[in-house]
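Reader: I am new to this structure and would like to understand the words used to describe it. Could you take me through them with care?

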Amino acid sequence: MTITRRTLVLAAAGAATLAASAARAQAPAAPAVAPAAAAPRFVQPALPYADTALAPVISQRTVQFHYGRHHAGQYAALNRLTENRFYATLSLEQIVRRASIIPEDQAILNQAGQALNHDIYWRQFTPGGPKVASGALLARIDAEMGGFAKLKTDLLASANALFGSGWTWLVQNADGKLAIVNTPNGNNPLGRNQTPLLGIDVWEHAYYLDWENARGDHVRAVLDELVNWSVVAERLRTS
Ligand code: MN
């Protein structure tokens, strides 16, 4: 076995440190990390509507817990975990792509993934938009997913079939085609080279205060009453 600098680093400092070192080594000129007293590197986006705007499908109380505690807590944890690390120089999307293939960084993936998942989630419920897909997105749904009604039926079935905590997604694959996938825990489709277009949170914290164990009824109401399909359409890649 050839002794390289990397194996020496591994022997000396362990795999987690190696991952960070390798990450830094690949960066031509990593910017200096901000001092600890500076503002947080990652900032939770403001909710783009009042916390009452999604009721009764998602109550004010659920939004207060879900956005104000769970999602906020993920940003706080991500800032702690990435402090003084190369990850602090990346975007959320870049962190998710990288940490998805580095097993030692699962803890960072959990927090970055959930921070990003919930960014996607809240924004797609922006009130005032169309409750149905149209235009180029609808044409693709008709051609590739069997129509809009079937898309919603299949998203609901996928959400109901998810065991444990996770997310149901409408994604766009690398080849441009639409698909429905589930991801476990805090994973995001970007980690599998898929673009997330619509994300349904199937963690119990997303619905239990309002719907108790009726996950399917909650997901059906989200799809029928909350999704702003203009926001979903904006996420479609054209290349
Ligand atoms: Mn959630």
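Reader: What makes the span of H3 close to the expected one?

Author: H3 covers residues 60–82, and its 23 residues reach 31 Å from the first C-alpha to the last. At 1.5 Å a residue the expected span is 33 Å, and the value found is described as close to that.

Reader: Why is Asn193 called exposed?

Author: Asn193 has 11 other C-beta atoms within 10 Å, and the word exposed applies at 12 or fewer, so Asn193 counts as exposed. Asn193 belongs to the loop between strand S2 (178–184) and strand S3 (195–201). Its C-alpha is 9.8 Å from that of Val171, although the two residues are 22 apart in sequence.

Reader: What makes S2 and S3 edge strands?

Author: The open sheet has three strands in the order S2-S1-S3, with antiparallel pairing. S2 and S3 each have a single partner strand, so one side of each is left without a neighbour in the sheet, and they stand at its edges. From one strand to the next the twist averages 25 degrees.

Reader: How do you know that S1 pairs with S2 and with S3?

Author: Two strands are said to pair if at least two bridges are found between them. S1 and S2 have seven bridges, in the antiparallel sense, and Leu170 stands opposite Ile180 in S2. Strand S1, residues 166–172, has six bridges with S3, again in the antiparallel sense, and there the bridge partner of Trp167 is Asp201. S1 and S2 also form a hairpin with five residues between them, and Gly176 in the turn has a positive phi of about 95 degrees.

Reader: Why is S1 said to be largely enclosed?

Author: Six of the seven residues of S1 are buried, so the strand is largely enclosed by the rest of the structure.

Reader: Which residues touch the most other members of the largest nonpolar core?

Author: That core has 43 residues, and Ile95, Val96, Ala112, Ile200 and Val232 touch the most other members. Helix H5, residues 106–123, gives the most to this core, with eight residues. Leaving aside neighbours within four places in sequence, Ala112 is in contact with Leu78, Leu92, Ile95, Val96 and Ala99. As background, nonpolar side chains in soluble globular proteins tend to be buried together.

Reader: How many helices and strands are there in the protein chain, and where should I be careful about confidence?

Author: The protein chain holds ten helices and three strands, and from the N terminus on its elements run α-α-α-α-α-α-α-β-β-β-α-α-α. Its average pLDDT is 89, and 85% of the residues score at least 70. Over residues 1–25, however, the pLDDT is below 50, and this stretch has 17 contacts in the model beyond near neighbours in sequence. Where pLDDT is low, the predicted coordinates should not be read in detail.

Terms used. Residues are numbered from 1 along each chain as its sequence is written. This is a predicted model: local features need pLDDT of at least 70, side-chain atom pairs count only at pLDDT 80 or more; totals for chains, interfaces and linings use all residues. A nonpolar core is a set of buried Ala, Val, Leu, Ile, Met, Phe, Trp, Tyr and Cys residues joined through C-beta atoms within 7 Å. A residue is buried if 20 or more other C-beta atoms lie within 10 Å of its own, exposed if 12 or fewer, and partly exposed in between; C-beta atoms are placed from the backbone. Helices (H or I, at least four residues) and strands (E, at least two) are DSSP runs, numbered from the N terminus. Two residues are in contact if their C-beta atoms, placed from the backbone, lie within 7 Å. Axes are lines fitted to C-alpha atoms, for helices over the stretch in contact, and angles run from 0 to 180 degrees between N-to-C directions. pLDDT is the predictor's confidence in each residue, from 0 to 100. The expected span of a helix is 1.5 Å times one less than its number of residues.
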